[in-house]
Amino acid sequence: MKAYEKGDYYKSTLDAVNRLRSNPDKKKAKVALAKAYPLFVTKSLGEIKRGVESNNVMHLENNIKVYERLNNVAEEIQRSPAALEVVTEQYTYYSELRSTKELVADMAYEAGLKALEIGSM
């Protein structure tokens with residue numbers, strides 16, 4: 001619960017899932033997972049929203065990492081029967097991850113073209 005108390009809902013969620021893998025009846029881990037996972041998702045989506053609104057490549061690159069974490073946590077929950085009992089609906093963001101990667105690639109390509117134009121003047 002230390003990670004939870006510090007606001008690290010990602011670590012708190014993964015710790016709870018791992019504890020449930022080793023002991024599926026662990027009540028504290030079930031409570032921790034039930035509390036941490038929704039907060040992890042909410043916090044992550046807020047971080048993504050700020051990145052999208054900024055339309056900055058660095059923020060969008062961070063969004064890629066956030067989407068990857070969201071997907072990783074959902075996959076970890078899906079691999080734990082005890083965790084699945086606690087979190088019956090996992091959220092995955094594979095299509096958003098793919099489109100964000102494409103957007104970042106397009107922005108990098110455009111920046112490269114502009115840099116070439118400036119260099120050739």
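T100 counts as buried, at 10% relative accessibility, where buried means under 20% relative accessible area, exposed over 50% and partly exposed in between (1.4 Å probe, protein chains only). The model is predicted, so local features need pLDDT of at least 70 and side-chain atom pairs count only at pLDDT 80 or more, while totals for chains, interfaces and linings use all residues. Residues are numbered from 1 along each chain as its sequence is written, and side-chain values use heavy atoms, with hydrogens and water left out.

**Packing of α3 with α4**

- Helix α3 covers residues 27–54 and helix α4 covers residues 57–78; helices (H or I, at least four residues) are DSSP runs, numbered from the N terminus.
- The axes of α3 and α4 come within 9 Å and cross at roughly 160°; axes are lines fitted to C-alpha atoms, for helices over the stretch in contact, and angles run from 0 to 180 degrees between N-to-C directions.
- This angle makes α3 roughly antiparallel to α4, given that angles under 35 degrees count as roughly parallel, over 145 as roughly antiparallel, 65 to 115 as roughly perpendicular and the rest as oblique.
- The crossing of α3 past α4 is left-handed, a term used if the near helix is turned anticlockwise from the far one by less than a right angle, with right-handed used if clockwise.
- On the α3 side, the contact (heavy atoms within 4.5 Å) is made by L33, Y37, F40, V41, S44, L45, E47, I48, G51, V52 and S54.
- On the α4 side, the contact is made by H59, L60, N62, N63, V66, Y67, R69, L70, V73 and I77.
- The residues of this contact of α3 with α4 divide into 13 nonpolar, 6 polar and 2 charged; Ala, Val, Leu, Ile, Met, Phe, Trp, Tyr, Cys and Pro count as nonpolar, Asp, Glu, Lys and Arg as charged, and the others, Gly among them, as polar.

**Packing of α2 with α4**

- Helices α2 and α4 pack at an angle of about 15°, and their axes are 10 Å apart.
- That angle makes α2 roughly parallel to α4.
- The crossing of α2 and α4 is left-handed.
- Y10, T13, L14, V17 and R21 of α2 meet R69, N72, V73, E76 and I77 of α4.
- The contact of α2 with α4 divides into 5 nonpolar, 2 polar and 3 charged residues.

**Aromatic pairs**

- There are 5 aromatic pairs, counted where rings of Phe, Tyr and Trp (its six-membered ring) have centres within 6.5 Å; planes under 30 degrees apart count as stacked, over 60 as edge-to-face and the rest as tilted.
- One of these is the tilted pair of Y10 and F40, with 5.6 Å centre to centre and 40° between the planes.
- Y10 counts as partly exposed at 26% relative accessibility, whereas F40 counts as buried at 3%.
- Y67 and Y93 form a tilted aromatic pair, with 5.9 Å centre to centre and 35° between the planes.
- Y10, Y37, F40 and Y91 form one aromatic cluster.

**Single residues**

- T13, in helix α2, is buried, with a relative accessible area of 0%.
- Not counting residues up to four places away in sequence, T13 touches L33, A36, Y37, F40 and V73.
- Y93 counts as buried at 11% relative accessibility, and Y93 touches V41, L45, Y67, L70 and N71, not counting residues up to four places away in sequence.
- The C-alpha atoms of Y93 and I64 are separated by 10 Å, and these two residues are 29 residues apart along the chain.
- T100 is found in helix α6 and touches L60, N63, I64 and Y67, not counting residues up to four places away in sequence.
- A105 is found in helix α6 and is partly exposed, with a relative accessible area of 45%.
- A105 and V57 are 9.3 Å apart in space, C-alpha to C-alpha, and 48 residues apart in sequence.

Conventions
Helices (H or I, at least four residues) and strands (E, at least two) are DSSP runs, numbered from the N terminus.
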